[in-house]
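Look over the sequence and the model first.

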Amino acid sequence: QVQLVESGGGLVRPGGSLRLSCAASGNMFRLNGMGWYRQAPGKQREPVAAINNPGSTYYASSVKGRFTISRDNAKNTVYLQMNSLKPEDTAVYYCHAEGGEEYWGLGTQVTVSS
């Protein structure tokens, strides 16, 4: 089993920045990759960014150039640096990990509003 705990969400003005963290614990050796999804009200959950064990990254086209995913293997933590935030980035952001099974955090709210 793997447990994921997100932190770092909040309210920010358009153009601002936030950094999300996802701390993982448990059977880390099972994991092939980690990433972030988001779900806005009335919309389906969608992938935002991911990073795999060799360190390759993926970004949704809507966040490319604004968001950066990174990881600290010593701390078993994945980060999502979000810059130039827009109102349409408002959503609950979920940490995701996969390694035979899928694991999800409980989510952290990000609200971009003036």
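## Terms and source

Strands (E, at least two residues) and helices (H or I, at least four) are DSSP runs, numbered from the N terminus. Two strands pair if DSSP finds at least two bridges between them.

The model is predicted: local features need pLDDT of at least 70, side-chain atom pairs count only at pLDDT 80 or more, and totals for chains, interfaces and linings use all residues. Residues are numbered from 1 along each chain as its sequence is written, and side-chain values use heavy atoms, with hydrogens and water left out.

## The sheet

The open sheet has four strands, in the order β1-β3-β8-β7. Their pairing is antiparallel. β1 (2-7) and β7 (67-72) are the edge strands; each has a single partner, so one side of each lacks a neighbour in the sheet.

## Strand β8 and its partners

β8 (residues 77-82) pairs with β3 (residues 18-26) over six bridges, in the antiparallel sense. L20 stands opposite L80 in β8. C22 faces V78 of β8.

β7 also pairs with β8 in the antiparallel sense, over six bridges. Here R71 is opposite V78.

## Burial

Five of the six residues of β8 are buried, so this strand is largely enclosed by the rest of the structure. Buried means under 20% relative accessible area, exposed over 50%, and partly exposed in between (1.4 Å probe, protein chains only).
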